[in-house]
Structure formats: structure tokens, C-alpha cells
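Reader: I am new to this structure and would like to know what the terms used for it rest on. Please show it first.

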Amino acid sequence: MILICFDSTHHAIHCEMVLDDAGIESDTLPTPKAIAAGCALSIAISVHDEGRVRTILTDQRVHTFGLFYRDGGSYVRREDG
């Protein structure tokens, strides 16, 4: 699972709509406290959809705080690409 985190609720809602329109399965979840994002909402996607989602986010100009994955007890920011 990959978490997409945001600086604002507006960005999270925009992302949710864009992913829904693209047919990407996602879940809206509370942002873990370990991730210091400005928004309390995150969107979880499958790791298998990451490449397609990155393309969609870029094409649709969706602003994110970052994409993260869980590694043991901590969250790690995914590098671009």
C-alpha cells in the first residue's frame, strides 16, 4: 500500500475525484501522525497502481505532500519514478 499525503483537504478531495474518474481503486484514511503533512486525510492506493497514479497526478496537476510506504514502524517517502 502507498499513501498519498496532502497539504490541504482541498488537495485530498481533488485527488480522490481524479482517481475515481480514472477508475483507480483507493481508500481515504486518516494521515498517520508520523507523517507531518498539513492535512489529516491521506489516500491509499495499491503499490501496483503507483506508476499510473503518478502519471495521472502530474497530468491533472494534483498537488501532494508526498507518497509514502510503511517500512516496519515508520513511513518512508517514495522517490519519484
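Reader: Why is cysteine 39 called buried?

Author: Buried means under 20% relative accessible area, exposed over 50%, and partly exposed in between (1.4 Å probe, protein chains only). Cysteine 39 has a relative accessible area of 3%, so cysteine 39 counts as buried. This is a predicted model, in which local features need pLDDT of at least 70 and side-chain atom pairs count only at pLDDT 80 or more, while totals for chains, interfaces and linings use all residues. Residues are numbered from 1 along each chain as its sequence is written, and side-chain values use heavy atoms, with hydrogens and water left out.

Reader: How do you know that cysteine 39 is too far from the closest cysteine sulfur for a bond?

Author: A disulfide is a pair of cysteine sulfur atoms within 2.5 Å. The closest cysteine sulfur to that of cysteine 39 is in cysteine 5, at 8.6 Å, so the two are too far apart for a bond. A search of the whole structure finds zero disulfides. For cysteine 15, the nearest cysteine sulfur is that of cysteine 5, 10 Å away.

Reader: What makes cysteine 15 buried?

Author: Its relative accessible area is 0%. Cysteine 15 is one of the buried residues of α1, along with Ala12, Val18 and Leu19.

Reader: How do you know that the buried residues of α1 line one face of the helix?

Author: Seen down the axis of α1, they fall within an arc of 130°, so they line one face; the arc is that of the directions from the helix axis to the C-beta atoms. On the other side of α1, His10, Asp20 and Asp21 are exposed.

Note on methods. Helix = DSSP H or I, 4+ residues; strand = E, 2+ residues; numbered from the N terminus.
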